[in-house]
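Colleague: I am new to this one and would like to go through it with you. Could you put it up, please?

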Amino acid sequence: MTKDTSQDQSNPLHEPVLLGEVLHYLSPQKGESYLDLTAGYGGHASAILESTQTPSEMVLVDRDENAIGELTKKFGRFGKDVNIRREDFLSASTQLLGEQHKFDMILADLGVSSPHLNVADRGFSLQHDGPLDMRMDQSQELSAETIVNTYTEAELSDILWKYGEEPKSRQIARLIRHGGPFTSTTQLAAVVSKAWPGHSRVHPATRTFQALRIAVNDELHMLEHSLPLWLELLTPGGRVAVISFHSLEDGLVKKVFSENAGDRYDSDLRLLTRRPVTASATELATNPRARSAKLRAAAKLK
Ligand SMILES: C[S@@+](CC[C@H](N)C(=O)[O-])C[C@H]1O[C@@H](n2cnc3c(N)ncnc32)[C@H](O)[C@@H]1O
């Protein structure tokens, strides 16, 4: 019999980051409802389910087809008690709000999963040679290849500056525009590296890849418009936690949380974390993906 590795907890496809911290801040209680907006491979969701036992409602959202396949394998046996939705979190949040749902706990663990980075065909990694894809939702039309080969130099430079904070955005945009057409990740990484000759601690194309990924998946726009909806989707006393992986995301979370918390008469949020929580040395030793993870959490007052 072949072994089902998706169920093998000693070898998970994706190791959930800051799991202990998420459980601490979401503080799940028996019977409470849970909305996971980036359910991925279900690591956080499994731990929450274990604590809530029979949640009054559990909704798991992800835009990636492979993640949905794994979530269905893992949680399908719960039938209607666990609602698995293949959708981006902005549409899912809008719909849930329209249907008057409320949740005691909401989690968004942003960004990409380990399979996105480890499977060369997904085109997210500059370490593996793969097609220039980078789509989280495989049914979407826009891919990194389209951006790299068809956007103007000015548009490329703008993306690299805004989403990658790349100091050499103009030079790299020029190299890309004149160095293509590009079909693979390593081909692009090699051309971008020309802008940064000599030794550097991180791969010189890291910021370019981050910028393209954010643009392909419209990540910041979705987060910015979803955050206020997540606060609306909380029950009084409900908790929300967001894990981000770069300063642009963390800045948006910080802004929306602090705008809604504070001493004003109409504040309806209490910050549970004054500063972002980061991974312990023990976690970092076993899960390098946790290196840039930052967790912020808040509770709804009324
Ligand atoms: C870091 S992983 C989440 C891992 C998950 N917490 C676990 O324990 O397995 C992020 C997931 O969010 C999904 N994702 C990212 N942005 C999304 C969006 N806007 N809408 C829906 N899913 C999204 C990705 O496809 C990926 O599976």
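Colleague: Where is Pro181 found?
Modeller: Pro181 is found in the loop between helix H8 (169-179) and helix H9 (185-193). Helices (H or I, at least four residues) and strands (E, at least two) are DSSP runs, numbered from the N terminus. This is a predicted model, in which local features need pLDDT of at least 70, side-chain atom pairs count only at pLDDT 80 or more, and totals for chains, interfaces and linings use all residues. Residues are numbered from 1 along each chain as its sequence is written.

Colleague: Is the peptide bond from Gly180 to Pro181 cis or trans?
Modeller: That bond is cis, with omega near 0°. Most residues other than glycine have a negative phi, and most peptide bonds are trans.

Colleague: Which loop holds Ser27, and what is its phi?
Modeller: Ser27 lies between helix H1 (19-26) and strand E1 (34-36). Its phi is near 45°, a positive value in a residue other than glycine.

Colleague: Let us turn to H12. How many residues does H12 have, and how far does it reach?
Modeller: Helix H12 (residues 247-260) has 14 residues and reaches 20 Å from its first C-alpha to its last. That is close to the 20 Å expected at 1.5 Å a residue, the expected span being 1.5 Å times one less than the number of residues.

Colleague: Which residues of H12 are buried?
Modeller: Glu249, Asp250, Val253, Val256, Phe257 and Asn260 are buried in H12. They are on the same side of H12 because they cover an arc of only 135° around the axis, the arc being that of the directions from the helix axis to the C-beta atoms.

Colleague: What covers that side, and what is on the face turned away from it?
Modeller: The cover over the buried residues includes helix H11 (219-232), strand E5 (234-244), strand E6 (269-271) and strand E7 (294-300). The face turned away carries the exposed residues Ser247, Gly251 and Lys255.

Colleague: Where is His246, and what does it touch?
Modeller: His246 is in the loop between E5 and H12. Not counting residues up to four places away in sequence, His246 touches Gln210 and Ser292; two residues are in contact if their C-beta atoms, placed from the backbone, lie within 7 Å.

Colleague: New topic: how many residues are in the largest nonpolar core?
Modeller: The largest nonpolar core has 52 residues, and those with the most contacts inside it are Leu18, Leu60, Ile106 and Ala241. A nonpolar core is a set of buried Ala, Val, Leu, Ile, Met, Phe, Trp, Tyr and Cys residues joined through C-beta atoms within 7 Å. A second, separate core of 26 residues includes Ala173, Ala195, Ala205 and Ile214.

Colleague: Finally, which residues come nearest to the ligand?
Modeller: Of the 21 residues around the ligand, Pro16, Thr38, Gly40, Gly43 and Asp64 come nearest; a residue counts as near if its C-beta atom, placed from the backbone, lies within 6 Å.

Methods
A residue is buried if 20 or more other C-beta atoms lie within 10 Å of its own, exposed if 12 or fewer, and partly exposed in between; C-beta atoms are placed from the backbone.
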